[in-house]
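Subject: Structure handover and notes

Dear colleague,

I am handing over the structure we spoke about, together with my notes on it. Please look through the sequence and the coordinates first, and then read on.

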2 protein chains.
Amino acid sequence: MALQNKHFQKRDAILKCLCSTDTHPSADWIYEQLRQQDANISLATVYRNLALFKKQGLIQSIATVNGVERFDGNTAPHVHFICTGCDAVQDLSNIQVPQELCSTAGKTAGARIEGCQLSFTGLCGNCQKS
Amino acid sequence: MALQNKHFQKRDAILKCLCSTDTHPSADWIYEQLRQQDANISLATVYRNLALFKKQGLIQSIATVNGVERFDGNTAPHVHFICTGCDAVQDLSNIQVPQELCSTAGKTAGARIEGCQLSFTGLCGNCQKS
DNA sequence: ATGTAAATAAGAATTGTTCTCATTTAGGAG
DNA sequence: CTCCTAAATGAGAACAATTCTTATTTACAT
């Protein structure tokens, strides 16, 4: 049996779980997913590692929707739509924040711009029916 | 002495406080401000009325910075800079989100767009020094 | 004066997130 | 192999922001 590094077993699972979904999940959602596979993981471990990934720049936190923080394994700047009915977050990959806005922002704010978030809110198709 | 409507005394004070600052404050900040004037107001009253104003469209919540929700008496769509060092939020009034992005977003998401938030993050001038 | 419906104060309850600490793990040194 | 060390984890306590509950107060109409 090959030597396997179990040291980062949970850590890797968390990153993998986040990166293989486009639901922009919360810590709790990831926790529930992993519990169904692993049956032994702690919510604290999920939070701890998400914070670490964020510091390392591997992931980003895109918004807090209805009081809960939502994460994204895609660190490239991109635009989101957030449904105020069901809290779903989706990518709007055909929209870009014009680059010149960033440099204007930096000058106006007298700051070094490090990130930029554009998100639209509204009711998604499903929620409009109900 | 003229009849004065004291019924909405606190409520009006909260809205007035929020609308007369450009600090994009938290509920707690408003509470502390009013305590210094009024000396008898409850934090729950601040939260309750902010939620009401939001539902009525009189104010908006622009982001949650470091776990706390920040409010804005200016409901017109506008752009913010958020300092990750000191949590200050400032308006970037010379930047606009291009109007056509909104309609593109609506089509892409298959949704009725109701709001749009663009914010830049980084270190403000002061925080860059330290 | 009395009744009413809305607004409030105070603090309890809730909830998302972080912290603490004892335990486990991987991998290296003896 | 056994011991050692440092990092990772699980479990639950602690924390902080927000919401809820309930009794009280208020303005106003009757």
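The notes below go from the single chain to the contact between the chains, and then to some local details.

Please keep in mind throughout that this is a predicted model. In chain A the secondary structure comes to 5 helices and 5 strands, and from the N terminus on these elements follow the order α-α-α-β-β-β-β-α-β-α. The C-alpha trace of chain A spans about 55 × 45 × 25 Å along its principal axes.

As for how the two chains are arranged, chain B can be laid on chain A with an RMSD of 0.1 Å by a turn of 179 degrees, with a shift of 0.0 Å along the axis. The two copies are thus related as by a two-fold rotation axis, and in chain B the C-alpha nearest that axis belongs to B:Leu118, at 2.2 Å from it. Of the interface residues of chain B, 100% are also interface residues in chain A, so the copies meet through the same surface.

Turning to the interface itself, 33 residues of chain B are in contact with 33 residues of chain A. The area buried between chain B and chain A is about 2,500 Å², and carbon and sulfur atoms give 60% of it. B:Leu101, B:Arg112 and B:Phe120 supply 19% of the area that chain B buries against chain A, which is more than any other three residues. By residue class, the side of chain B that touches chain A divides into 16 nonpolar, 15 polar and 2 charged residues.

The S5 strands also pair with each other across the two chains: 11 bridges join strand S5 (residues 112-123) of chain A to S5(B), and the two run antiparallel. Within this pairing, A:Ser119 has B:Gln117 in S5(B) as its bridge partner.

B:Val97 and B:His78 are 19 residues apart in sequence, and their C-alpha atoms are 7.6 Å apart in space.

Over all chains the count comes to 6 salt bridges. One of the salt bridges joins A:Lys54 to A:Glu69, with the closest N and O atoms 2.9 Å apart. A:Lys54 lies in helix H3 (residues 43-56) of chain A and A:Glu69 in strand S2 (residues 68-72) of chain A, so this pair ties together parts that are 15 residues apart in sequence.

Lastly, in chain B, 5 bridges join strand S1 (residues 60-65) to strand S2 (residues 68-72), which run antiparallel, and B:Val65 has B:Val68 in S2(B) as its bridge partner. The hairpin of S1(B) and S2(B) has 2 residues between the strands, and in it B:Asn66 takes a positive phi near 55 degrees.

Key: Residues are numbered from 1 along each chain as its sequence is written. Chains are lettered from A and ligands numbered from 1 in the order in which they are written. This is a predicted model: local features need pLDDT of at least 70, side-chain atom pairs count only at pLDDT 80 or more; totals for chains, interfaces and linings use all residues. Side-chain values use heavy atoms; hydrogens and water are left out. Contact means heavy atoms within 4.5 Å. Buried area is the accessible area (1.4 Å probe) that two parts lose on being put together, summed over both. Ala, Val, Leu, Ile, Met, Phe, Trp, Tyr, Cys and Pro count as nonpolar, Asp, Glu, Lys and Arg as charged, and the others, Gly among them, as polar. Two strands pair if DSSP finds at least two bridges between them. Helices (H or I, at least four residues) and strands (E, at least two) are DSSP runs, numbered from the N terminus. Copies are superposed by least squares on the C-alpha atoms of residues with pLDDT of at least 70 in both. A salt bridge is a side-chain nitrogen of Lys or Arg within 4 Å of a carboxyl oxygen of Asp or Glu.
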